[in-house]
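Here are my notes on this model, as numbered points. Keep the 3D view open while you read.

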Amino acid sequence: MSATENQNQTGITEFILLGFGDLPDLQVPLFLLFLVIYVMTVTGNILVLVLVAANRHLHTPMYFFLSNLSSLETCYSSTILPKLLASFLTGNRNISYSSCMTQFFIFAFLVGVECYLLAVMSYDRYLAVCKPLHYITVMNHKLCIALTAGAWVSGFMISFVITLLMLQMVFCDRTEIDHFFCDFTPVIKCSGSDTFLIEAVTSLMAATCTTPPFLFTVASYILITTNVLRIPSATGRQKAFSTCSSHLIVVTLFYTALILVYMLPKAYNLTAFNKLFSVFYTVVTPLVNPLIYSLRNKEVRGALAKEIQAFMGLYK
């Protein structure tokens with residue numbers, strides 16, 4: 001990345017992530033809080049991966065997509081939280097230019113993937129509820145791989161283009177990033193370049209990444225709800241909707257946070273507000289996703305109970 005730093009024509013080699021430095025008395029409590037969240041997030045998502053891999057009953061398209069989501073959430077947290085934890089512990093909030101650009105690239109990549117992956121999961125639930133007789137033949141292994149690969153490749157390409165544009169910006173004297181990680185808007189505020197083009201291109205790319213998957217997801221759940229309401233028995237309606245309620249909660253949490261952070265007017269007095277909701281979708285959401293899927297899903301709870309019984313049986 002040294003060649004990249006030279007191409008910036010700035011001489012700046014690092015930024016300062018202000019993060020939560022304005023709360024000096026809360027550094028230790030915040031460190032402990034985020035450490036617990038990070039450990040629980042990684043443990044919960046890895047547990048989901050292990051359960052899906054170890055239990056044959058979970059070798060279905062829905063859990064294949066869930067495994068991808070758990071892998072994504074683990075990488076998500078590991079991209080942001082270790083640096084944040086280190087800043088709480090040492091007080092050093094510096095981040096090198098190359099590390100900042102790398103962090104943003106991975107972050108944007110994973111956000112893009114999650115948008116498409118949630119849309120794929122909604123399509124899977126639509127087929128399961130609305131087209132149950134055709135579900136197995138349509139959502140076959142080949143299609144699962146293709147849809148998942150498409151989500152990861154699309155996220156990579158969008159993040160690559162945006163990051164490439166960011167690498168062309170000139171950074172002068174302002175090296176303080178008023179955020180706890182290298183997000184797009186706080187970083188370009190430090191630039192001395194004309195940011196109109198990159199903001200326009202990024203807005204277009206972001207709209208491409210988020211709007212179609214969001215609309216597709218909403219449309220899928222409208223069709224699902226319509227079909228569920230046509231089921232005559234209350235038990236049948238409850239059973240049909242229970243298969244997608246967990247995913248609907250995850251989608252709602254994710255997009256609500258994104259909308260609050262990125263679609264509200266960009267005003268300086270919203271900085272603290274944006275930090276709060278950035279914590280929500282970068283830190284809290286990866287934590288609650290495995291909890292939602294495990295606590296609300298009988299198959300996952302059953303698989304977990306089975307593995308615990310098998311483990312306890314080794315010591316009898």
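1. Which residues does Asn 289 touch, not counting residues up to four places away in sequence? Asn 289 touches Leu 69, Glu 73, Glu 114 and Val 250. Contact here means heavy atoms within 4.5 Å. Asn 289 sits in helix 11 (residues 271-295). Helices (H or I, at least four residues) and strands (E, at least two) are DSSP runs, numbered from the N terminus. Asn 289 is buried, at a relative accessible area of 2%. Buried means under 20% relative accessible area, exposed over 50%, and partly exposed in between (1.4 Å probe, protein chains only).

2. A word on the source. This is a predicted model, in which local features need pLDDT of at least 70 and side-chain atom pairs count only at pLDDT 80 or more, while totals for chains, interfaces and linings use all residues. Residues are numbered from 1 along each chain as its sequence is written, and side-chain values use heavy atoms, with hydrogens and water left out.

3. Now the record. An unreviewed UniProt entry lists "transmembrane region" for residues 30-54, 61-81, 101-123, 143-171, 204-224, 245-264 and 276-295. UniProt positions follow the numbering used here, feature names are shortened, and annotations may be inferred rather than shown by experiment. In the model, residues 61-81 are 100% helix and 0% strand, with end C-alpha atoms 30 Å apart. Residues 204-224 are also 100% helix and 0% strand, and their end C-alpha atoms are 30 Å apart.

4. Look at helix 3 (residues 61-90). Its 30 residues should span 44 Å at 1.5 Å a residue, and its end C-alpha atoms are 44 Å apart, which agrees. The expected span is 1.5 Å times one less than the number of residues. Helix 3 bends by about 30° at Leu 81, and Pro 82 follows within four residues. The bend is the angle between axes fitted to the seven residues ending at a residue and the seven starting there. Why is helix 3 called largely enclosed by the rest of the structure? Because 21 of its 30 residues are buried. Gly 91 follows helix 3, and its phi is positive, near 80°.

5. Helix 4 covers residues 97-130. It has 34 residues and reaches 49 Å from first C-alpha to last, close to the 50 Å expected. Of those 34 residues, 29 are buried, so helix 4 is largely enclosed by the rest of the structure.

6. Ala 119 lies in helix 4. It is buried, with a relative accessible area of 7%. Leaving aside neighbours within four places in sequence, Ala 119 is in contact with Pro 213, Phe 216 and Thr 217. Ala 119 and Thr 217 are 98 residues apart along the chain, yet their C-alpha atoms are separated by 5.1 Å.

7. Check the core. The largest nonpolar core has 87 residues, and those with the most contacts inside it are Phe 15, Phe 34 and Met 166. Helix 4 gives the largest share of this core, 20 residues. A nonpolar core is a set of buried Ala, Val, Leu, Ile, Met, Phe, Trp, Tyr and Cys residues joined through side-chain atoms within 4.5 Å.

8. Finish with the rings. The structure holds 22 aromatic pairs. Phe 104 and Phe 184 form a tilted one, 6.3 Å centre to centre with 40° between the planes. Rings of Phe, Tyr and Trp (its six-membered ring) pair if their centres lie within 6.5 Å; planes under 30 degrees apart count as stacked, over 60 as edge-to-face and the rest as tilted. Both Phe 104 and Phe 184 are buried.
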